[in-house]
Amino acid sequence: MQFLENTLKQAQRFEESGKYLHSLQLYQILLKNPQYKRVATVRLAGAYEKLNRPELAKKILQEYLFEPGDDEEIRKLYVHFLIKHSYYEEALDALSLISREANPEIYFLMGVANFKIDEYKIAEINFNEFISNNSKSDLIPEALLFLAKTQIKLNKLNQALIAAKKSAEIYFQNHELHYVIAQIYFLKGMNYHAYESICYSIKINKNKTLIQKYAGKILLELKEYKKALNHFLDCYDLNNFDIEVLESIGNCYVKLNKIEIAKTYFKKLLKIDPNNERISKLMKTEIYTEG
């Protein structure tokens, strides 16, 4: 028994020092012992994840759960693993085997999995069920954020805004939350409010290309072309292969009457997407060919 305990400690030391292959060998030894099988399964799955081999981690967890007995804690861990690695249908199957009465967070996880497979009506039901009955849960702000995103998809913008604002009461420093609020305002045509929210999102997390792009999109609607251009150029610095960003930069320069600069970005776009007929035709119009 002392040998197995020392083996576990050595495996953990190997894992903590980044020697994952060494740790795998020791966890495999422990996996054969009934008393250490549970901890070895969890540690082995975690080591495979760190090696970017989620399919092997999944197999290890499945093998443990297929044996006689029902280890609900490992099944919940398995569900979190499946959602993390985008196995959403399998996550829903696994969730159906867990007691919702004893584990109310299952409604939240079902909501997330259904949201990810575009089952927005079912996701909304699950998020509402979780929020209604678990007001003191630490997951409430995240559940409200997911509910808001779900209701955007269902075009329930007023309800989405209510959910997002409730989340903001606790989750205020979350950049994604302010991005979602900006989306809601933008879809409602409230562009000044949308820009205010997106600016706060950028302040919290400046390097998110998607947020910068959305800020530019809002400013285009406000006809603030110079400001929009600055956001799109920030996007370009982060990802200069984004076709939408390249086109938006070109369009901003056109609006600012800087045609030659616009052409350079449209040419870059066509190198990435040579079959883009709309930009090809645009480049052949008089305003782009003169001079």
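Start by selecting Asn155: with a relative accessibility of 61%, it counts as exposed (exposed means over 50% relative accessible area, buried under 20%, partly exposed in between, using a 1.4 Å probe and protein chains only). Asn155 sits in the loop between helix H9 (140–153) and H10. Check its backbone too: phi of Asn155 is near 60°, a positive value in a residue other than glycine. Most residues other than glycine have a negative phi.

Before you go on, bear in mind that this is a predicted model, where local features need pLDDT of at least 70 and side-chain atom pairs count only at pLDDT 80 or more, while totals for chains, interfaces and linings use all residues. Residues are numbered from 1 along each chain as its sequence is written, and side-chain values use heavy atoms, with hydrogens and water left out.

Helix names come from DSSP runs (H or I, at least four residues, for helices; E, at least two, for strands), numbered from the N terminus.

**Another positive phi**

Now pick Ser86, in the loop between H5 and helix H6 (88–95). Ser86 is not a glycine, yet it has a positive phi of about 70°. At a relative accessible area of 46%, Ser86 is partly exposed.

Step back into helix H5 (residues 72–84) and select Arg75. Buried or exposed, what does Arg75 count as? Arg75 counts as buried, at 10% relative accessibility. Show what surrounds it: neighbours within four places in sequence aside, Arg75 is in contact with Leu65, Asp70, Ala94, Leu97 and Ile98 (contact means heavy atoms within 4.5 Å).

Next, go to Ser167 in helix H10 (residues 157–171). Ser167 has a relative accessible area of 0%, so it is buried. Setting aside neighbours within four places in sequence, the contacts of Ser167 are Pro141, Leu144, Leu145 and Leu177.

Two packed helices are described by the angle between their axes and the distance between the axes. Here, axes are lines fitted to C-alpha atoms, for helices over the stretch in contact, and angles run from 0 to 180 degrees between N-to-C directions.

Colour helix H2 (residues 20–31) and helix H3 (residues 37–50): they pack at an angle of about 155°, with their axes 9 Å apart. H2 and H3 are therefore roughly antiparallel to each other (angles over 145 degrees count as roughly antiparallel, under 35 as roughly parallel, 65 to 115 as roughly perpendicular and the rest as oblique). Their crossing is left-handed, a term for a near helix turned anticlockwise from the far one by less than a right angle. To see the contact, show Tyr20, Ser23, Leu24, Tyr27, Gln28, Leu30 and Leu31 of H2 with Lys37, Ala40, Thr41, Arg43, Leu44, Ala47, Tyr48 and Lys50 of H3. By class, the contact of H2 with H3 has nine nonpolar, three polar and three charged residues (Ala, Val, Leu, Ile, Met, Phe, Trp, Tyr, Cys and Pro count as nonpolar, Asp, Glu, Lys and Arg as charged, and the others, Gly among them, as polar).

Stay on Lys37 in helix H3 for a moment. Not counting residues up to four places away in sequence, Lys37 touches Leu30, Leu31, Tyr64 and Glu67.

**Helix pair H11 and H12**

Select helix H11 (residues 175–187) and helix H12 (residues 191–204), whose axes come within 8 Å and cross at roughly 165°. That makes H11 roughly antiparallel to H12. H11 passes H12 in a left-handed crossing. Residues of H11 that meet H12 include His175, Tyr179 and Phe186, and on the H12 side they include Asn191, Tyr200 and Ile204. Which classes make up this contact of H11 with H12? The residues divide into nine nonpolar, six polar and no charged.

**Helix pair H13 and H14**

Move on to helix H13 (residues 209–221) and helix H14 (residues 225–238), with axes that come within 8 Å and cross at roughly 160°. H13 and H14 are therefore roughly antiparallel to each other, and their crossing is left-handed.

**Into the core**

Finish with the largest nonpolar core, which has 93 residues (a nonpolar core is a set of buried Ala, Val, Leu, Ile, Met, Phe, Trp, Tyr and Cys residues joined through side-chain atoms within 4.5 Å). Select Phe108, Phe127, Ile184, Ile198, Ile218 and Ile249, which touch the most other members. Then zoom in on Phe108: residues up to four places away in sequence aside, it touches Phe127, Phe130, Leu139, Glu142, Ala143 and Phe146.
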